[in-house]
Amino acid sequence: MREFRKKQKKMKKIMNILLTITIAYILIYYFIQPTLTAAVGTGVTMVVLYIMYGFVLACMVVLFQYTNTYSTVSYTHLTL
C-alpha cells in the first residue's frame with residue numbers, strides 16, 4: 001500500500017507540474033499571439049499553436065491516466 005501511495009504522489013506531482021506549464025503556456029500564447037503573428041508571420045505562429053495543442057493533449061492523457069488508476073468509485077449502492 002505504501003508503494004501505491006508513493007506512485008500516486010509522484011503521478012500527482014507530474015500532473016500538477018504539467019498542468020501549471022500548460023496553463024502558463026496558454027496564457028502567454030494568447031497574450032503574445034497578435035504580436036507574434038505581426039512579427040514573424042503565420043507559419044511560426046501555427047507551430048507555436050501546435051506545441052500548445054501538444055501540451056493540452058499531454059495534460060488530458062496524464063489526467064485520464066491518473067483518474068483511471070487512482071480514483072475509486074463504488075457503484076454498488078446506486079439503484080435505478
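Start by selecting helix α1 (residues 2-40) and helix α2: their axes come within 9 Å and cross at roughly 160 degrees. Axes here are lines fitted to C-alpha atoms, for helices over the stretch in contact, with angles running from 0 to 180 degrees between N-to-C directions. That angle makes α1 roughly antiparallel to α2 (under 35 degrees counts as roughly parallel, over 145 as roughly antiparallel, 65 to 115 as roughly perpendicular and the rest as oblique). The crossing of α1 past α2 is left-handed, meaning that the near helix is turned anticlockwise from the far one by less than a right angle; clockwise would be right-handed.

You're looking at a predicted model, in which local features need pLDDT of at least 70 and side-chain atom pairs count only at pLDDT 80 or more, while totals for chains, interfaces and linings use all residues. Residues are numbered from 1 along each chain as its sequence is written, and side-chain values use heavy atoms, with hydrogens and water left out.

Zoom out for a moment. The chain has two helices and zero strands; these are DSSP runs numbered from the N terminus, helices being H or I of at least four residues and strands E of at least two. Of its 80 residues, 19% count as buried (under 20% relative accessible area; exposed is over 50% and partly exposed in between, with a 1.4 Å probe and protein chains only).

Next, click on Q8, in helix α1. Is Q8 buried or exposed? Buried, with a relative accessible area of 15%. Leaving aside residues up to four places away in sequence, Q8 touches Y66 and Y70, where contact means heavy atoms within 4.5 Å.

Now slide along helix α1 to I26. This one is partly exposed, at a relative accessible area of 23%. Again not counting residues up to four places away in sequence, I26 touches M52 and V56.

Last stop: Y53 and Y50. Both lie in helix α2 (residues 42-70), three residues apart, about one turn of the helix. By the ring rule (Phe, Tyr and Trp, the last by its six-membered ring, pair if centres lie within 6.5 Å; planes under 30 degrees apart are stacked, over 60 edge-to-face, the rest tilted), the count comes to three aromatic pairs. Y50 and Y53 form a tilted one, 6.2 Å centre to centre with 55 degrees between the planes. Y50 is exposed at 53% relative accessible area, whereas Y53 is partly exposed at 45%.
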